[in-house]
Amino acid sequence: MSGYPRPLSAASIRRGLDATLLASGLVDSVGEPLIFQPHDFRRIFITDSILNGLPPHIAQVIAGHDHIGTTMGYAAIYPTDAIEAHRAFIARRRALRPVEEYRTVTAEEWDEFLGHFERRKLALGDCGRAYGTDCAHEHACVRCPVLIVHAAERPRLVEIRDNLLARILEAEREGWLGEIEGLQSSLTHAEEKLAQLDAQIARKQEAVDLGIPTLREIVARTTAVAAPPEPS
């Protein structure tokens, strides 16, 4: 009866949605007409509400979810949201730091920064010390734990090891007891670095079995599976 207050049926809502979408000409990614369900608007409402600042626990009460995790499933995170959140985080962090840290770098400071990496290049490889720090071993690189020895410089490291052995023998022969302790320490570190380098080279050269079956094994398995059972 006209004017009688009653709720709309689900079928009536679906028919109205289908007619509206068909008239709008909207299509999906494959060119088919869009199809909406009444529940889709519930999802859209919760998603938009959370993205516009509604606390998730309030949205949970409105939606009638038993668990907050169900509600958070409606909170879509777009790439722009992640980028804006990261930029806001950086801005908050910068606000806590002194303004002087964000001034323009001078040419002298930039040259010093680049020069640090140039000065890290050594005969045996690279020095791994951090920028702005001094050499803790007074440039006794063989003893330094942050020395990164290149595999191509192994012959040079062997030469240093042999030279240290010869110098220790010379010191013992000449009675230079003050030299022996320092030379022995350098020799120990040189041998350790040589052992580490050899282990690194061996790992790179070692073949790793990925367990890929051979053609013969594949054929054998296929034949065994495809063979019909023998009659009893």
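Hi everyone, a definition to begin: helices (H or I, at least four residues) and strands (E, at least two) are DSSP runs, numbered from the N terminus. By that rule, the protein chain has nine helices and two strands. Along the sequence, they follow the pattern α-α-α-α-α-α-β-β-α-α-α.

Some housekeeping: this is a predicted model, in which local features need pLDDT of at least 70 and side-chain atom pairs count only at pLDDT 80 or more, while totals for chains, interfaces and linings use all residues. Residues are numbered from 1 along each chain as its sequence is written, and side-chain values use heavy atoms, with hydrogens and water left out.

How much of the chain is buried, meaning under 20% relative accessible area with a 1.4 Å probe, protein chains only? Of the 232 residues, 16% count as buried.

Now to the nonpolar cores, which are sets of buried Ala, Val, Leu, Ile, Met, Phe, Trp, Tyr and Cys residues joined through side-chain atoms within 4.5 Å. The largest has 15 residues, and those with the most contacts inside it are Leu124, Val149, Leu157, Leu164 and Leu183. Strand E2 (147-149), helix H7 (154-174) and helix H8 (177-205) each supply at least two of its residues, with H8 giving the most, six.

Let's look at Leu124, counting a contact as heavy atoms within 4.5 Å. Leaving aside neighbours within four places in sequence, Leu124 is in contact with residues including Val142, Val149, Arg156, Leu157 and Ile160. Apart from this core lies another, of six residues, among them Ile46, Ile50, Ala63 and Ala75.

Finally, among contacts between residues at least 6 apart in sequence, 41% join residues at least 24 apart. Thanks, all!

Technical notes: Buried < 20%, exposed > 50% of the residue type's maximum accessible area, 1.4 Å probe, protein only.
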